[in-house]
Amino acid sequence: MRRIVLSKESAPGFADLGKRHYRGLEERVGTAADGIERTTELRPAPRWVAPTFGVLALLTLPWVCYLALTLPRHVMSVHYRAAWVGFDLGLVATLALTAVQAYRGHRQVGLAASATATMLVVDAWFDVVTTPVGPDLALSVLLAALVELPLAAVCVWIARHGDRMVERRLRQLAVRAEPATDQAETTRRTATNRRRRPARVRNRLR
């Protein structure tokens with residue numbers, strides 16, 4: 001077995017070699033970390049979504065101008081009642097969906113709240129602009145200002161803070177489930193002890 005002896009003259013060389021090794025290791029680790037960071041950056045939507053929807057928005061503007069110049073100011077609607085009843089049923093569905101997902105602590109509650117906010121704003125808009133001048137118009141404006149638009153703002157807040165609401169709801173459900181879990185564990189232990197007692201008695205009799 002050979003004995004390796006390091007002299008004072010060779011020690012600096014080994015020290016420089018160790019420094020170069022660790023410096024290269026740090027560089028490789030830094031490069032790997034940068035690559036992982038770049039690969040883990042997830043976009044909320046694919047890259048084609050932004051330009052596509054921007055172009056669609058620009059293309060819709062001429063259509064809006066065309067409708068503003070050509071549509072009649074007054075029109076007789078054949079399915080006016082069905083349109084409003086169907087729309088309100090859709091609003092009820094989105095409100096109920098938001099309530100259920102919020103109660104269950106579902107992480108998709110933000111989507112339901114966003115849809116509900118959109119439905120409420122649309123409801124307020126068309127309810128005001130389609131109502132003739134008179135007491136009904138005043139009632140529509142009052143409902144839009146005091147009920148529909150504030151509730152839409154609440155839905156927007158829910159959509160923006162949905163993760164916090166879900167975490168809070170899951171903690172509440174976990175706290176409520178603890179007593180039931182403890183009771184079930186106590187019942188299981190009691191049943192296990194009851195099964196073990198006859199076995200202990202038989203062992204003692206032997």
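Q: Why is Phe53 called exposed?
A: Exposed means over 50% relative accessible area, buried under 20% and partly exposed in between, with a 1.4 Å probe and protein chains only. Phe53 has a relative accessible area of 52%, so the label is exposed. The residue is found in helix H2 (residues 49-70); helices are DSSP runs of H or I with at least four residues, strands are E runs of at least two, and both are numbered from the N terminus. The model is predicted: local features need pLDDT of at least 70 and side-chain atom pairs pLDDT 80 or more, while totals for chains, interfaces and linings use all residues. Residues are numbered from 1 along each chain as its sequence is written, and side-chain values use heavy atoms, without hydrogens and water.

Q: What makes Trp48, Phe53, Val55, Leu56 and Leu59 a nonpolar patch?
A: Patch residues have over 30% relative accessible area and no salt bridge, and nonpolar side chains (Val, Leu, Ile, Met, Phe, Trp, Tyr) are joined within 5 Å, like charges within 9 Å. A salt bridge is a side-chain nitrogen of Lys or Arg within 4 Å of a carboxyl oxygen of Asp or Glu. Together these five residues have about 560 Å² of accessible area, by the Shrake-Rupley method with a 1.4 Å probe and only the protein chains shown as cover.

Q: Why is Leu120 called buried?
A: Leu120 has 3% relative accessibility, and therefore counts as buried. Leu120 is found in helix H4, and its C-alpha atom is 7.6 Å from that of Leu151, 31 residues apart along the chain.

Q: How do you know that Val109 is buried?
A: The relative accessibility of Val109 is 2%, so Val109 counts as buried.

Q: What makes up the largest nonpolar core?
A: A nonpolar core is a set of buried Ala, Val, Leu, Ile, Met, Phe, Trp, Tyr and Cys residues joined through side-chain atoms within 4.5 Å. The largest has 9 residues, including Val109, Leu120 and Ala152. H4 (109-129) and H5 each give two or more residues, and the largest share, 4 residues, comes from H4.

Q: How do you know that the span of helix H5 (residues 135-160) agrees with its number of residues?
A: The expected span is 1.5 Å times one less than the number of residues. For 26 residues that should be 38 Å, and the end C-alpha atoms are 36 Å apart, so the two agree.
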